[in-house]
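Me: Could you walk me through this model before I set anything up? I'd like to know what is there and how each term is defined.

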Amino acid sequence: MKPPVEPREEDCCNSGCNPCIFDVYQRQLERYKNLNKYSDHLYKQNGISELEYTAFVVKETIKICDTQKILKFKKKNNEEYIKVWWNPGDHFLVKYTSKKSSCSRAYTPIKLKIHSNEDFNFMIVIKKYNDGLVSNYLYNLEIGEVILWRGPYGHYKIESNKYKRIIMIAQGTGIAPFMSIIDNIVSNEDDMTKIILYFCCRTIDEVLFRNELYDLKAYWNFSYKIFLSNSLENKNNLKYNEPICFSKFDRKELQDLKPFVNNQFLLCGSQQFMNEYEKTIRDENYSENIILF
Ligand SMILES: Cc1cc2nc3c(=O)[nH]c(=O)nc-3n(C[C@H](O)[C@H](O)[C@H](O)COP(=O)(O)OP(=O)(O)OC[C@H]3O[C@@H](n4cnc5c(N)ncnc54)[C@H](O)[C@@H]3O)c2cc1C
């Protein structure tokens, strides 16, 4: 492994990225100095770097609804094919540059087992906000355009068979890290962890990965419910036995799961959403293992 290259002052965009490129450099330097203490996988070659941006081309765009799209990316120059890898739940940072400013934002890479034969490195789901700078830029990207990414970063590690159940509560694009985690656990025949997902959306059109979740239901250790907060939804549009509730997620769902013995809770959504459900879980006398993404 080569020593990490120290970033230059101008590599930092001064917009408070988490993690900052200089923090990543310090961490990698530390790892490099302690090389022998670490296992090989930390150093396997990756087609994306934590320290410098790599160019990726937009390979495909899929419109989900007026505010959400899926974008698939392929590495621009990859003559010697090097896999782009990350741990389930990690995020990448995209670089946005305009004449006026430069900044970065976090997005969650996904590639499920069902995509293994497809020719792209990773995809993201993007929700555009009305006055959102980077989300509008990404939403309007077209096939062939090139953008810069660095990563992976993250704190979540799948620990096979450590927990009896993993209970996930997601809101909107917050499903992104959970799709990779679910895919990874159910694909591991030796992992006996049960996964329960509660997925909160506004309307049925906004439900990301609706077909994939329906198919994942076939695994013995995965179950889910989708909650639609817009009560005017058409209830006839469902698949056979599709677990969709036409109401907001209610704490009664959690009460029905009690007792919580050896469970892990994962929450992903807006800060307000995560705060609300973290409090709900604590109110149900559980505080041991709650992770906010
Ligand atoms: C670890 C991590 C992973 C992420 N993964 C994804 C992902 O996979 N897909 C994805 O679409 N986004 C993801 N995000 C959010 C993403 O990084 C941006 O924050 C988001 O796209 C908005 O950026 P923007 O530049 O468009 O908005 P900004 O220009 O930064 O904000 C403009 C306005 O948009 C609104 N806004 C921005 N963000 C939110 C929000 N989260 N909830 C409610 N209102 C908001 C606010 O009104 C804000 O004032 C992730 C964030 C983190 C921290």
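**Strands, domains and contacts**

Reply: Strand β9 (residues 222-228) and β10 pair in the parallel sense over two bridges, where two strands count as paired if DSSP finds at least two bridges between them, and where helices (H or I, at least four residues) and strands (E, at least two) are DSSP runs numbered from the N terminus. This is a predicted model, in which local features need pLDDT of at least 70 and side-chain atom pairs count only at pLDDT 80 or more, while totals for chains, interfaces and linings use all residues. Residues are numbered from 1 along each chain as its sequence is written, and side-chain values use heavy atoms, with hydrogens and water left out.

Me: Which residue is the bridge partner of Phe227 in β10?

Reply: The partner of Phe227 there is Cys245.

Me: And what is the strand order of the open sheet with parallel pairing?

Reply: This sheet of six strands runs β10-β9-β8-β7-β11-β12, and its edge strands, each pairing on one side only, are β10 (244-245) and β12 (290-292).

Helix α3 (residues 175-187) packs on the sheet and touches β7 (165-171), β8 (194-201), β9 and β11 (263-268), contact meaning heavy atoms within 4.5 Å. The direction of α3 makes about 155 degrees with that of β7, with axes being lines fitted to C-alpha atoms, for helices over the stretch in contact, and angles running from 0 to 180 degrees between N-to-C directions. Helix α6 (residues 271-283) also packs on the sheet, touching β7, β8, β11 and β12, and its direction makes about 160 degrees with that of β11.

Me: OK, and the antiparallel one, what order does that have?

Reply: The open sheet with antiparallel pairing has six strands in the order β4-β3-β6-β1-β2-β5, with β4 and β5 (122-127) as the edge strands, each pairing on one side only. Neighbouring strands of this sheet are turned by 40 degrees against each other on average, direction ignored.

Me: How many bridges join β3 to β4?

Reply: Six bridges join β3 (residues 91-97) to β4, and the two strands run antiparallel; within this pairing, Phe92 has Tyr107 of β4 as its bridge partner.

Me: Switching to annotations, which residues does the UniProt "binding site" cover?

Reply: The unreviewed entry lists Arg105, Tyr107, Val125, Lys127, Val134 and Ser135. They span 31 residues in sequence, yet no two of their C-alpha atoms are more than 13.3 Å apart, so they gather at one spot. Arg105 has its place in strand β4 (residues 102-107). UniProt positions are in the numbering used here, feature names are shortened, and annotations may be inferred rather than shown by experiment.

Me: What does the domain assignment give, and how far apart are the centres?

Reply: It gives domain 1 (9-153) and domain 2 (165-292), with bounds that come from an automatic or database domain assignment. Their centres, taken over C-alpha atoms, are separated by 25 Å.

Me: How much area do the two domains bury between them?

Reply: Domain 1 and domain 2 bury about 1,400 Å², 70% of it on carbon and sulfur atoms; buried area is the accessible area (1.4 Å probe) that two parts lose on being put together, summed over both. In terms of contacts, 17 residues of domain 1 meet 14 residues of domain 2.

Me: How many salt bridges are found across that interface, and how many does the structure hold?

Reply: The rule finds one across the interface of domain 1 and domain 2, while the structure holds 17, a salt bridge being a side-chain nitrogen of Lys or Arg within 4 Å of a carboxyl oxygen of Asp or Glu. One of the salt bridges in the structure is formed by Arg210 and Glu242, with the closest N and O atoms 2.8 Å apart. That pair links distant parts of the chain, Arg210 being in helix α4 (residues 210-216) and Glu242 in the loop between β9 and β10, 32 residues apart.

Me: Last topic, backbone: where are the cis peptide bonds?

Reply: A cis bond runs from Gly151 to Pro152, with omega near 0 degrees, and Pro152 is found in strand β6 (residues 146-153). A cis peptide bond also joins Lys258 and Pro259, with omega about 5 degrees, and Pro259 lies in the loop between α5 (252-255) and β11.
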